[in-house]
Amino acid sequence: MTSPISREIIDDEDIDLTFVDAIVRAGADRIRTCIQCGTCSSVCPSGRRTAFRTRELIRKALLGLKEEVLSSPDLWLCATCLTCLERCPRQIKVTDAIIIMRNMAVEEGYMLPQHKKASQKLIKTGHAVPLDDANREMRRELGLSEIPPTTHSSEEALEQVQEIMRRTHFIELIEKTGECK
Ligand code: SF4
Ligand code: SF4
C-alpha cells in the first residue's frame, strides 16, 4: 500500500499532467472540482476493511502521478458500489474515474495476478471459474448434467468465444499485461 502524499517527496519526472486530461476526456469530467473533503473515503465500504483511500487516489490522479496510480494494487480495491459517486458534494463520477483508471492500467500492462489468472482461464475454457469436482457434484445433486451446455461441452462454442476475444483484442491485452507492483 502507498503512504499518504504529504509524507512523500514528489519528483517532477513522476508528474504527467496529461493524465487527468485523459480521465476527463474518458467521462469523469468534474474530477478537477474535487475539494478533498474526504466524503468518498468516509463512505467507502472497501476503505473500512483495507488501506484503500478514495480521496487519496483522486488526489494523486489530480497531481498527475500516473505511474504510481496505475501500478498500485489500491486501484483494484474499489468494489464499484457507487456510494462515493452518490455522496460526492461536487457530483464527481468517482466510480467512473476509478474504472477509467483501471482501463488505463490494463492498457499500460498492469493487472492483478488474480485477474490475469481468471482471464487466462476465460481464454482457455470460455469460463473464468473452472468446473471442478465440487461444481460437478452440485450439478448432479440438482439433477443437472455434470457438464453444462456451454463452452465446456461444445468445441465450436469455445472457438466462437475465443474468436470474439481475439477480435476484441482481449487475448492480446492479457498476453501483454504484467502485474501490479
Ligand atoms: S467526495 Fe468528491 S469532492 Fe470530496 S474528496 Fe471525494 S471526490 Fe473529492
Ligand atoms: S465505488 Fe469504490 S471507491 Fe466508491 S465507495 Fe464504493 S468501493 Fe469505495
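## A charged patch on the surface

In this predicted model, D12 has a relative accessible area of 65%, so the residue is exposed. D12 sits in the segment that comes before helix α1, which spans residues 18-25. On the surface, D12 gathers with D11, E13, D14 and E67 in a patch of negative charge.

L65 is found in the loop between α4 (54-63) and α5 (66-71). With a relative accessible area of 2%, L65 is buried.

## A nonpolar patch

The surface also carries a nonpolar patch formed by M138, L142 and L144, which together have about 320 Å² of accessible area. L142 lies in the loop that runs between α9 (133-141) and α10 (155-167). Its relative accessibility is 63%, and therefore L142 counts as exposed.

## A buried valine

V106 belongs to helix α7, made of residues 94-107. This residue counts as buried because its relative accessibility is 11%, under the cut-off of 20%. Leaving aside residues up to four places away in sequence, V106 touches W76, M111, L173, K176 and T177. From V106 to E159 there are 53 residues in sequence, and the distance in space is 24 Å, C-alpha to C-alpha.

## Salt bridges

Across the whole structure, a search finds ten salt bridges. In one of them, the side chains of D21 and R32 meet at 2.3 Å, N to O. This pair links distant parts of the chain, eleven residues apart: D21 is in helix α1, and R32 is in the loop between α1 and α2 (39-43). Both residues are partly exposed, D21 with a relative accessible area of 28% and R32 at 48% relative accessibility.

Another salt bridge joins the side chains of E56 and K60, at 3.1 Å, N to O. E56 and K60 are four residues apart in helix α4, so about one helical turn separates them. Both partners are buried: E56 has a relative accessible area of 10%, and K60 has a relative accessibility of 4%.

## A salt-bridge network

R140 forms a salt bridge with E146, and their closest N and O atoms are 2.5 Å apart. Through salt bridges that share partners, R136, E137, R140 and E146 are joined into one network. R140 counts as partly exposed at 42% relative accessibility, and E146 is partly exposed as well, with a relative accessible area of 31%.

Notes. Residues are numbered from 1 along each chain as its sequence is written. Chains are lettered from A and ligands numbered from 1 in the order in which they are written. This is a predicted model: local features need pLDDT of at least 70, side-chain atom pairs count only at pLDDT 80 or more; totals for chains, interfaces and linings use all residues. Side-chain values use heavy atoms; hydrogens and water are left out. Patches are made of residues with over 30% relative accessible area and no salt bridge: like charges are joined within 9 Å, nonpolar side chains (Val, Leu, Ile, Met, Phe, Trp, Tyr) within 5 Å. Accessible areas come from the Shrake-Rupley method with a 1.4 Å probe; for residues, only the protein chains shown count as cover. A salt bridge is a side-chain nitrogen of Lys or Arg within 4 Å of a carboxyl oxygen of Asp or Glu. Lys and Arg count as positive and Asp and Glu as negative; His and the chain ends are not counted. The place of a charge is taken as NZ of Lys, CZ of Arg, CG of Asp or CD of Glu. Helices (H or I, at least four residues) and strands (E, at least two) are DSSP runs, numbered from the N terminus. Buried means under 20% relative accessible area, exposed over 50%, partly exposed in between (1.4 Å probe, protein chains only). Contact means heavy atoms within 4.5 Å.
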